[in-house]
Amino acid sequence: MTRRIPAPALAFAGAVALSMALAGVAWAYHTNFTGAYCNYNAPEYTSYFTRDGSMTVALRARWEGYQWGGGCWNDDDVDQSPGDPVERSDTRGEGPDCSGFTFKVWREDLDTSNQGAWQWNMLRNVHGPYSAASFLYGVGAPNSTYPKSGLIRMDALASTDHIGMIYARNADGSDQVIEAKGEAYGVNIWTRTYRGSSAYGGVRRLGWDA
Amino acid sequence: MGRVARGSTAWRPAAAATLLLAAGGCGGSGLLAPDRLSDGSTPPALPAALKGIEGAVMTGTRTLHGRDLEDAPAVDCIKNMPGGAPPLAAVEAVTVDGHTLTFSTADRQRLVACDGAARRRPSRRWCGTATTRWLGGGGIEDPRLDLANCLTADGATVAYTWVVPPARARWLVVDHDHFREVYDAGSAYPVRVSTTDGIDVKTSSATIHVRSYDAAGKEVGDDTVNAQVAG
């Protein structure tokens, strides 16, 4: 037996859909990656954390997407939510932004007074309390400003608008930086000259075991 | 004597509860305007048009020009900011939980804020900074929530975020758990508001309820701002 939907209900649903479309809600959720796949599970405390370990965490995000205010991704090397409007934290797309990526790769604590390390699962949606500017100024117990000339892999270069971590240093003095670059680019490794830019300062995550 | 003493002790919680209920306005709003701003100063008088708003406290707002911007603490904020040339003007607000300075870069392409509070973790004058693109029409790209580093004297986390007032708004009224805070929205800049309420550490976000009023005290907006740390 076919169950008929009453006409008033259809009209109501249509009106809601139309009003949401007009309000821009439909595109705001685009793929709704975080709603479909991400979680708020507790992270695991780790008493031993290394730069190599953080490199591994970072590389899992390579080729994934970028989400303003985001911090959840899988490891299939595809941006699951391309083309979201930029600098909208409500678009629920895949990937981190630059500061969320750094927080998660550096395995930091949501409590800014705690220097301890936490293993955040890729699909744990977490951005952390720091913006790029916060990192630049060494805000939070785990973070410290550091002379740019002394930065090594998995240290970071930050400005008031952006942060990326050093993957390797090139012979010409530039760096290969792993970073969440933007909606159109996602997360990857690019050659950068941040180290020579006056807008950028050095940042170091404190407490590495190796 | 002993009985009296026991009786007296037994009455204390009940009496305290009664007083709390009375102070809390059992049947009233329970809102109580603080009598001091974060710098210890007495809050300015409420605008006449907003006198009827219960539990409201006025923030201290002033616009800094020229030489004002060469004095501390403004100069400590401005010297590290992008844009090179100093701004023409900056809006300073002293709130119940902290103080902020908002200005545009000289090319008027970006907005910058320095956020301050009673306590901050590194020993700098300002405990937070924020910058975002200033769009045509007065809008901004992102409200730039900042909650990483500023604390009240009691150790509570202070969150700051920009709120873009609706057209015709002259005042913004921000709801806190126990009072309301009135901001002057008369400048060209978005208003940098601060709060210790509505902060969700787990999602690094804050939810702030803001009502807007025109110069005559007519409500022209009622919004809930959901801001998220980003970028």
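1. Let's start with Arg92(A), which is buried, with 22 other C-beta atoms within 10 Å. Here a residue is buried if 20 or more other C-beta atoms lie within 10 Å of its own, exposed if 12 or fewer, and partly exposed in between, with C-beta atoms placed from the backbone. Arg92(A) sits in the loop between strand 2 and strand 3 of chain A. Its phi is near 60 degrees, a positive value in a residue other than glycine.

2. A word on reading this model: it is predicted, so local features need pLDDT of at least 70 and side-chain atom pairs count only at pLDDT 80 or more, while totals for chains, interfaces and linings use all residues. Residues are numbered from 1 along each chain as its sequence is written, and chains are lettered from A and ligands numbered from 1 in the order in which they are written.

3. Now look at Asp77(A): is this residue buried or exposed? Asp77(A) is exposed, with 11 other C-beta atoms within 10 Å. The loop that holds Asp77(A) runs between strand 2 (71-72) and strand 3 (95-96) of chain A; strands (E, at least two residues) and helices (H or I, at least four) are DSSP runs, numbered from the N terminus. Phi of Asp77(A) is also positive, near 60 degrees, in a residue other than glycine. Most residues other than glycine have a negative phi.

4. Finally, the contact between the chains takes 25 residues from chain A and 19 residues from chain B, where two residues are in contact if their C-beta atoms, placed from the backbone, lie within 7 Å. On the side of chain A that touches chain B, helix 5 (98-105) and helix 6 (132-136) each supply at least two residues. Helix 6 of chain A gives the most, with three residues.
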